[in-house]
Amino acid sequence: MTAETITAETITAETSGTWKLGDLPVHRIGLGAMRLTGSAAFHNGTPSDRERSLAVLRKAVELGVNHIDTAAFYFSSLRSANELINTALSPYGDDLVIAAKVGPYRDYRGEWGTSARPDELRGHVEENLRQLGRDHLDLVYLRRMSQDSVAEHFGALAELREAGLIRHLGISGVEPRHLAEALEIAPVVSVQNRYAVDRPDPVGDEVLRLCGAHGIAFVPFYAVAGAAGEHGATTAHDDAVLSAARAHGVSPAQVRIAWTLHQGPHVLAIPGTGDPGHLAENVAAGALRLIGEELARLGAARDRAS
């Protein structure tokens with residue numbers, strides 16, 4: 001079977017397919033907002049160029065991206081991801097789904113504070129609402145920090161859902177037992193965990209499987225960054241990734257995104273970038289179809305890394 005070549009500038013997010021977050025259909029390629037604010041994801045770093053970040057958001061929507069992942073704690077010394085989204089995209093299109101995360105907390109200096117208690121989560125939700133200029137949030141994730149049980153925190157978000165501030169709920173950074181715990185309290189439409197082709201993760205594999213069985217979206221973060229995590233896209237690629245990239249005439253990052261989407265129809269990708277060119281490449285990765293032999297090689301390399 002011959003490998004296909006994709007042209008980034010002509011491909012839209014629609015080619016990645018669709019999935020429903022509850023009753024909200026989204027294309028399987030979305031955009032993570034973390035990289036919009038500057039050179040460092042969770043520290044002040046060098047602020048981004050404002051107009052360039054706004055251009056990335058507008059270009060994303062032009063390319064059919066209708067799922068944006070953000071958080072009030074995504075900010076640099078001069079830039080807030082939520083404010084950029086509000087400025088670039090408000091008034092929001094009816095089909096645009098904005099997901100936010102609550103739980104972690106940064107003070108005005110950018111320093112990490114103590115993660116939210118259950119009774120503080122309403123304030124976190126309201127801060128996202130204010131920054132985004134919304135009267136409700138489409139999807140809110142509880143980002144589990146160190147707590148053994150998510151019941152009390154997730155229960156607090158379920159109450160905010162009942163009050164109409166949140167449409168759908170998700171959880172992040174969890175194990176199978178946390179998913180089971182949350183499902184006893186309220187519907188879960190999405191799980192966001194760290195997951196990547198070069199990061200063996202038997203627990204994550206089981207969460208992915210359970211999500212598929214329950215019809216829940218699985219949304220990996222750091223799928224492109226890999227081991228580099230918050231520091232940006234990795235430059236350390238396995239031979240299997242590099243081989244597939246050469247065969248298809250694409251970048252290793254595009255192969256990593258395509259592999260992510262190949263893990264199941266319920267898997268969504270939210271690669272983040274502050275670069276318009278990288279944005280087009282990321283969206284185009286949704287059209288990349290890896291063949292069975294390539295997937296087998298990538299899977300075997302991932303197993304060997306454990």
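Glutamate 127 counts as partly exposed, at 29% relative accessibility. Here buried means under 20% relative accessible area, exposed over 50%, and partly exposed in between, with a 1.4 Å probe and protein chains only. A salt bridge here is a side-chain nitrogen of Lys or Arg within 4 Å of a carboxyl oxygen of Asp or Glu.

Before going further, a word on the model: it is predicted, so local features need pLDDT of at least 70 and side-chain atom pairs count only at pLDDT 80 or more, while totals for chains, interfaces and linings use all residues. Residues are numbered from 1 along each chain as its sequence is written, and side-chain values use heavy atoms, with hydrogens and water left out.

## Salt bridges

The structure holds 17 salt bridges. Three of them are set out below.

| Pair | Closest N to O distance |
|---|---|
| Aspartate 148 and arginine 177 | 2.9 Å |

Glutamate 127 and arginine 130 sit three residues apart in helix 3 (residues 121-132), about one turn of the helix. Helices (H or I, at least four residues) and strands (E, at least two) are DSSP runs, numbered from the N terminus. Glutamate 206 and arginine 209 are likewise about one helical turn apart, because they are three residues apart in helix 6 (residues 202-214). Arginine 209 is partly exposed at 46% relative accessibility, and glutamate 206 is partly exposed at 29%. Elsewhere, salt bridges with shared partners join Arg117, Asp119 and Glu120 into one network.

What does the pair of aspartate 148 and arginine 177 tie together? Aspartate 148 lies in the loop between strand 6 (137-143) and helix 4 (151-162), and arginine 177 lies in helix 5 (residues 176-183), so the pair links parts that are 29 residues apart in sequence. Aspartate 148 is exposed at 55% relative accessibility, whereas arginine 177 is partly exposed at 41%.

Let us return to helix 3. Its twelve residues should span 16 Å at 1.5 Å a residue, and its end C-alpha atoms are 17 Å apart, which agrees. The expected span is 1.5 Å times one less than the number of residues. Buried residues of helix 3 are Leu121, His124, Val125, Asn128, Leu129, Gln131 and Leu132. Their cover includes strand 4 (67-71), helix 2 (81-89), strand 5 (97-102), strand 6, helix 4 and strand 7 (166-172). Just after the helix, glycine 133 takes a positive phi of about 70°.

Two packed helices are described by the angle between their axes and the distance between the axes. For helix 2 and helix 3, the axes come within 8 Å and cross at roughly 35°. Axes are lines fitted to C-alpha atoms, for helices over the stretch in contact, and angles run from 0 to 180 degrees between N-to-C directions. Asn82, Glu83, Ile85 and Asn86 of helix 2 meet Asn128, Gln131 and Leu132 of helix 3, where contact means heavy atoms within 4.5 Å.

## The nonpolar cores

A nonpolar core is a set of buried Ala, Val, Leu, Ile, Met, Phe, Trp, Tyr and Cys residues joined through side-chain atoms within 4.5 Å. The largest has 83 residues, and those with the most contacts inside it include Leu57, Ile85 and Val125. Helix 8 (residues 252-261) gives the largest share of this core, six residues. A second, separate core of 13 residues includes Leu21, Val26, Ala99 and Ala217.

Beyond four places in sequence, isoleucine 85 touches Ala33, Leu57, Ile68, Thr70, Ser90, Tyr92, Ile98 and Leu132.

## Some single residues

Is threonine 37 buried or exposed? Threonine 37 counts as buried, at 0% relative accessibility, and it is found in the loop between strand 3 (31-32) and helix 1 (50-62). Glutamine 192, in strand 8 (residues 190-192), counts as buried at 1%.

Serine 90 and proline 91 are joined by a cis peptide bond, with omega about 0°. Proline 91 lies in the loop between helix 2 and strand 5.
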